[in-house]
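Open the model in your viewer and keep the selection tool at hand. This tour moves from one selection to the next and says what is there.

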Number of protein chains: 2
Amino acid sequence: MLIGVELRACVCRDKDTCVYASTRSIRRRRPSRTEPRLLPPSATMSSEPPPTAASASPADELATDLSAATLSKKQLKKDARKAEKAEKAAQRQQQQQQPADAEDPFAANYGDVPVEEIQSKAISGRSWTKIGDLDAAAAGRSVLIRGATQAIRPVSKKMAFVVLRQSMSTVQCVLVASADAGVSTQMVRFATALSKESIVDVEGVVSLPKEPLKATTQQVEIQVRKIYCINRAIPTLPINLEDAARSEAEFEKAEQAGEKLVRVGQDTRLNYRAIDLRTPANQAIFRIQCQVENKFREFLLSKDFVGIHTPKLISGSSEGGAAVFKLLYNGQPACLAQSPQLYKQMAICGGYERVFEVGPVFRAENSNTHRHLCEFVGLDAEMEIKEHYFEVCDIIDGLFVSIFKHLTENCKKELETINRQYPFEPLQYLEKTLKLTYEEGIQMLKEAGTEIEPMGDLNTEAEKKLGRLVKEKYVDSTALLHFIILLI
Amino acid sequence: MLIGVELRACVCRDKDTCVYASTRSIRRRRPSRTEPRLLPPSATMSSEPPPTAASASPADELATDLSAATLSKKQLKKDARKAEKAEKAAQRQQQQQQPADAEDPFAANYGDVPVEEIQSKAISGRSWTKIGDLDAAAAGRSVLIRGATQAIRPVSKKMAFVVLRQSMSTVQCVLVASADAGVSTQMVRFATALSKESIVDVEGVVSLPKEPLKATTQQVEIQVRKIYCINRAIPTLPINLEDAARSEAEFEKAEQAGEKLVRVGQDTRLNYRAIDLRTPANQAIFRIQCQVENKFREFLLSKDFVGIHTPKLISGSSEGGAAVFKLLYNGQPACLAQSPQLYKQMAICGGYERVFEVGPVFRAENSNTHRHLCEFVGLDAEMEIKEHYFEVCDIIDGLFVSIFKHLTENCKKELETINRQYPFEPLQYLEKTLKLTYEEGIQMLKEAGTEIEPMGDLNTEAEKKLGRLVKEKYVDSTALLHFIILLI
């Protein structure tokens with residue numbers, strides 16, 4: 001068992017790249033079987049040692065106290081023996097290394113960049129290539145890339161692979177010790193000793209692999225010439241990204257093979273949100289969310305809607321039915337807007353004809369259904385009607401279809417990424433949305449044995465059932481149809 | 001003196017076009033001298049009489065009670081005499097009219113549309129032309145338009161002008177009694193008896209005026225064939241739009257001429273926001289606001305930023321220094337986010353590289369400077385820095401210049417509209433933003449006699465002075481320069 005202690009004292013050189021800006025807690029976790037064995041910190045060649053269990057910061061002491069309180073005596077003894085062994089091994093390794101390092105003619109090609117060198121001291125004029133832009137067309141070119149070390153695979157003393165990740169893209173960097181390339185065995189060791197999720201600059205030449213690469217998004221490799229660590233992550237992170245990115249199918253497959261994979265619980269994910277956000281699915285989810293908003297805005301703007309922002313601190317509840325969050329506004333009672341409804345209507349009355357708003361909506365409901373949230377981002381639209389509310393239906397229809405189309409055509413990579421961790425059926429839709437009258441809907445339910453009062457509301461169960469019935473009746477026989485029903 | 005009584009009982013046919021959805025109060029106001037004399041309601045030919053002072057709704061009684069309490073006896077007698085006269089005049093007019101109405105062969109070409117006809121009963125297939133789209137190219141075409149009656153000018157029994165407004169556009173509609181056009185004198189009277197801000201459908205033929213039109217935005221006229229009132233406004237609105245749209249220069253000019261124009265106070269504007277929003281300047285302001293947001297998003301999206309939405313209900317203050325609004329979240333203390341800072345940084349740590357947010361920011365500051373607001377819409381951006389914060393400066397620089405350029409090129413109409421009521425100097429900017437070091441700025445202030453501590457903050461006064469100094473030193477000699485200084 002490993003004790004993952006998160007240290008606030010981590011080498012934090014750049015608040016923008018620091019993993020630990022927002023999280024502070026102490027967790028115990030099992031190491032993943034697929035996690036590479038980490039070298040003891042003293043084996044690294046950092047000019048500035050990464051934090052180790054031996055340092056005596058107050059955070060460490062607290063961690064030791066807390067872990068001592070929760071671990072059994074037997075476990076503590078085990079851990080002590082392990083720590084002793086590791087320390088001896090580290091000492092041995094350090095003794096072996098030091099003379100070699102001193103003699104390395106290529107020492108300038110790797111190392112940790114001192115913190116003072118990366119804090120707005122100079123503009124080098126270098127330009128970093130985006131990992132996502134690396135493709136076969138770049139073969140033979142020398143590039144500089146920056147990314148997080150997602151995987152580090154030592155092959156031999158003379159060879160290693162480092163996979164660098166930037167947002168949703170990953171690329172394999174190859175280190176082969178050779179005097180021609182300026183790569184020493186010490187440099188290979190430096191690379192393999194990097195901790196996962198460290199921020200690293202790599203200079204190298206783009207090459208084409210002999211076989212397609214399965215583990216990275218980019219189908220090229222970088223033949224490393226130089227490698228510098230900008231910001232070293234602590235050796236053991238509270239979340240292993242490989243664990244956090246697994247699908248249910250992977251867990252099942254492992255279980256059938258008698259293996260047990262680490263599951264990252266929801267609490268851990270939320271406590272270390274900045275790390276959990278790095279999983280491919282989470283990278284994709286918020287990009288898709290952004291695209292939904294973009295297309296929502298783009299479509300409505302093209303239909304002469306005006307984007308507005310309405311007050312969220314208001315003096316009375318904006319809608320009946322829903323509970324409000326109450327607060328004091330300069331001593332006067334106020335509440336948070338449950339809806340922009342009133343203000344949207346004022347804008348319409350005010351001659352704006354068509355308006356929309358994208359903004360937070362607050363509902364003090366202690367509910368647990370998937371339809372209610374205390375705080376959510378509302379995509380709201382309001383428009384004048386000339387003569388029939390079908391005019392609104394047509395706008396909504398066109399809006400949804402344009403969003404679906406946009407996501408299908410322009411977010412393929414994101415959708416595939418989510419699909420790998422959370423499989424879903426591909427979205428299909430009718431170009432012209434199906435419209436049913438309320439009577440037709442109720443009739444369909446009646447024929448299927450569910451009686452609804454002629455003017456009554458549909459409850460959740462009846463709505464779901466109607467959805468299934470519509471799917472059965474109107475579905476394309478060869479394709480699954482996702483649909484919107486406008487009950488009119 | 002007129003007593004403006006706002007009635008909730010107004011003929012409210014469509015909540016989207018109803019003026020009074022949100023306002024409810026009783027106000028006294030002086031009539032504007034430029035306000036056209038309103039015909040007594042009984043002179044209108046509406047099948048459904050608009051609310052009059054003679055109707056006895058509870059709101060009227062309350063209004064009468066309240067006005068009685070605030071008016072002198074003398075005034076009351078005067079008003080009573082006036083009302084008596086008006087009633088007699090109305091009776092006379094009605095007697096003259098009724099036989100004529102009964103004989104009108106063109107009675108079908110005008111009138112009030114019954115409420116039940118416009119509530120999603122049928123789709124006529126008619127299409128309404130936007131008033132803003134009416135130009136010389138449309139001359140000779142028959143069009144259907146819908147708008148609010150901004151001005152009604154009777155010329156004679158046989159001729160009248162009605163100016164219709166739709167958002168920021170206005171067009172002059174001409175009624176000339178003629179059997180060929182199907183326009184009767186009764187129809188002309190119907191049009192002149194419409195109250196201002198009523199919603200009206202006009203069918204007519206587009207024609208070109210002999211001289212340029214000063215009072216309307218569109219340089220064409222509509223020769224009216226049919227006119228129907230969709231929703232009749234009450235005769236006297238709490239705000240006269242002409243009054244609400246005047247510039248200071250107009251007030252001064254009138255004062256010099258010995259005239260006194262009505263000023264609409266801030267309270268009245270806020271109490272009747274839905275009406276005040278209809279002034280040309282207010283129509284322009286929110287459209288420009290929307291364009292600023294659009295360009296902000298467009299520019300940052302083009303620079304690989306991802307739009308996010310961060311929580312507004314949080315468990316602790318997000319920044320030091322500023323006071324927070326506190327509230328209870330399911331019994332637990334919570335507060336409103338003063339800034340998306342922490343969440344933006346988590347997104348950057350989470351691998352998003354560059355993010356932005358447009359959303360509300362809450363600060364419980366009881367401040368009265370123009371720099372602090374309790375609730376405002378924040379345009380926030382956060383990005384990874386590769387080696388120097390100049391990278392951020394460059395993005396901000398490009399962002400502002402692109403917004404300025406976009407507004408200058410694409411919001412000409414809106415800027416001119418605002419300029420008419422609130423004159424401002426045209427925005428000018430450098431394509432490449434001026435950068436000064438902090439030392440240079442302090443030196444400039446020192447030379448001008450203002451001493452600042454070497455590492456001290458600039459106070460508001462010093463900032464303003466520096467602005468003036470920079471303008472003097474770096475300004476184009478022939479043009480006024482608006483600038484951003486990046487103090488670095």
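Start where the two chains meet. Select the contact (heavy atoms within 4.5 Å): 77 residues come from chain B and 76 residues from chain A. This is a predicted model, in which local features need pLDDT of at least 70, side-chain atom pairs count only at pLDDT 80 or more, and totals for chains, interfaces and linings use all residues. Residues are numbered from 1 along each chain as its sequence is written, chains are lettered from A and ligands numbered from 1 in the order in which they are written, and side-chain values use heavy atoms, leaving out hydrogens and water.

**The chain B and chain A interface**

The size of an interface is often given as the accessible area lost when the parts come together. Here, chain B and chain A bury about 6600 Å² (accessible area, 1.4 Å probe, lost on being put together, summed over both). Carbon and sulfur atoms give 54% of that area.

Next, look for charges. Eight salt bridges link chain B and chain A (a side-chain nitrogen of Lys or Arg within 4 Å of a carboxyl oxygen of Asp or Glu). Select Lys130(A) and Glu353(B): their side chains form a salt bridge, 3.8 Å from N to O.

Which element supplies the largest share of the side of chain B that touches chain A? Select H8(B), which gives 11 residues. By class, that side of chain B has 35 nonpolar, 21 polar and 21 charged residues.

**A sheet in chain A**

Now show strands S9, S13 and S14 of chain A. They form an open sheet in the order S9-S13-S14, with mixed pairing (strands are DSSP runs of E, at least two residues; two strands pair if DSSP finds at least two bridges between them). Strand S9 (306–307) and strand S14 (375–383) of chain A are at the edges with a single partner strand each, so one side of each has no neighbour in the sheet.

Select S13(A), residues 354–362. S13(A) pairs with S14(A) in the antiparallel sense over nine bridges. Click Phe356(A): its bridge partner in S14(A) is Ala381(A).

**Domains of chain A**

Finally, colour chain A by domain: domain 1 (126–231), domain 2 (241–278), domain 3 (280–426) and domain 4 (428–487). These bounds come from an automatic or database domain assignment. The centres of domain 2 and domain 3 of chain A, taken over C-alpha atoms, are 32 Å apart. Their contact takes 10 residues from domain 2 of chain A and six residues from domain 3 of chain A. Between these two domains of chain A, about 610 Å² is buried, 42% of it on carbon and sulfur atoms.

Note on methods:
Helices (H or I, at least four residues) and strands (E, at least two) are DSSP runs, numbered from the N terminus. Ala, Val, Leu, Ile, Met, Phe, Trp, Tyr, Cys and Pro count as nonpolar, Asp, Glu, Lys and Arg as charged, and the others, Gly among them, as polar.
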